[in-house]
Amino acid sequence: MKKNVLLLETIADEALSLLHEHLNVFTGYDDASLKDVLAKQQIDAVITRGKGQINKALMAACTDLQVAARCGVGLDNVDVAEATARNIKVINAPGSNAATIAEHTLSLMLMLMRNMYHSAAQVKAGNWNWRNQYSGDELNGKTLGILGMGNIGKRVARLGEAFGMKVIYWSRSVQDLPYTYLSMEDVLQQSDVISLHLPFTAETGTTIGAAQLALMKQGALLINTARGALIDHEALLTALNTGKLGGFAADVLPEEPPAPDFAIVQHPNAIVTPHSGSLTASTFRYMCLITAKNVIAELTAEGAEPASIFNLQALQKASS
């Protein structure tokens with residue numbers, strides 16, 4: 001007898017077809033449809049992407065729930081602690097977005113450093129002569145400071161190095177890498193470009209505030225493709241307005257979508273993309289497909305890949 005999976009958001013067609021082959025698939029893309037499914041079906045697994053919340057209330061409503069899964073890496077929208085307490089396995093796709101987010105980071109870096117956004121906009125507006133007032137620079141010879149040297153941070157470091165940048169970094173631990181490890185304060189003070197690749201948790205809180213921005217070089221660039229809440233955006237706006245910060249680029253914001261009056265989005269020295277870094281065709285397909293395969297495996301005798309079960313150690317500890 002097929003088990004039941006609930007989708008909170010759309011997924012790649014190939015992954016959806018795979019789910020239909022092995023499971024009964026139900027969708028709860030809005031409150032009304034979700035309420036209807038929960039009233040009629042016993043759910044064995046829930047799959048989300050970046051918005052649908054797998055929280056305590058949903059878990060309580062799904063009394064047979066075995067798996068809470070996200071087609072992606074970060075688990076901000078999954079209550080991992082609650083899932084662990086209920087002996088529910090949390091499945092994600094670790095490492096699946098490292099290459100594409102690193103590419104996106106370098107794209108934002110290049111756009112800021114070379115002033116490419118304004119250049120293209122002026123040409124589209126018919127102003128070819130804007131080249132006479134163009135101001136921009138290049139990555140070659142600059143110092144790239146990376147905060148957080150996980151899978152994505154390492155890829156960004158290699159790409160920066162390929163562009164001729166000197167790479168320095170701070171992470172929660174020193175790693176065996178061909179880059180110089182420094183304190184966070186020294187990285188901020190010495191870098192021409194700072195790129196954030198840290199997780200955001202209640203314990204870590206905001207990483208870049210007024211004090212950290214004050215340490216940065218005059219006119220330095222700040223890139224954030226990690227989590228919007230890592231930055232104090234009021235302090236960021238002040239730094240942009242005073243010219244302390246030369247530019248800011250991000251694929252993430254503290255609130256998504258942002259309020260219409262969120263000043264950073266409209267700032268002339270800021271570039272913001274709509275959390276689309278991992279939505280490239282190849283990565284989106286892969287994240288959805290690998291997650292679907294592991295959910296199917298976990299709901300059958302085969303079992304999911306251990307590396308995909310985020311809370312595996314916590315579950316094993318609780319059962320020992």
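A residue is buried when its relative accessible area is under 20%, exposed when over 50%, and partly exposed in between (1.4 Å probe, protein chains only). By that scale Glu298, at 14% relative accessibility, counts as buried. The model is predicted: local features need pLDDT of at least 70, side-chain atom pairs count only at pLDDT 80 or more, and totals for chains, interfaces and linings use all residues. Residues are numbered from 1 along each chain as its sequence is written, and side-chain values use heavy atoms, with hydrogens and water left out.

Start at strand E4, residues 67–70. Helices (H or I, at least four residues) and strands (E, at least two) are DSSP runs, numbered from the N terminus. Val67 and Ala69 point one way from E4, Ala68 and Arg70 the other, and all are buried. Two strands pair if DSSP finds at least two bridges between them. E4 pairs with strand E3 (residues 45–48) in the parallel sense, over four bridges. Here Val67 is the bridge partner of Ala45. E4 also runs parallel to strand E5 (residues 89–91), joined by three bridges. In that pairing Ala68 stands opposite Val90.

Now follow the connections. E3, helix H3 (residues 56–61) and E4 make a right-handed β-α-β unit. From E4 the chain crosses through helix H4 (residues 80–85) to E5, and this β-α-β crossover is right-handed. Right-handed means that, with the strands pointing away from the viewer, the path from the first strand over the helix to the second runs clockwise.

Next come the salt bridges. Side chains of opposite charge can pair when their charged atoms come close. The rule asks for a side-chain nitrogen of Lys or Arg within 4 Å of a carboxyl oxygen of Asp or Glu. The count is seven. One of them joins Asp76 to Arg227, with the closest N and O atoms 2.9 Å apart. Asp76 sits in the loop between E4 and H4, Arg227 in the loop between strand E10 (220–224) and helix H10 (233–242), 151 residues apart. Asp76 is exposed, at 51% relative accessibility. Glu298 forms a salt bridge with Lys89, again with closest N and O atoms 2.9 Å apart. Glu298 lies in helix H12 and Lys89 in E5, so this pair ties together parts 209 residues apart in sequence. Lys89 is partly exposed, at 25%.

Finally, the backbone. The peptide bond from Glu256 to Pro257 is cis, with omega near -5°. Pro257 lies in the loop between strand E11 (245–250) and helix H11 (263–266).
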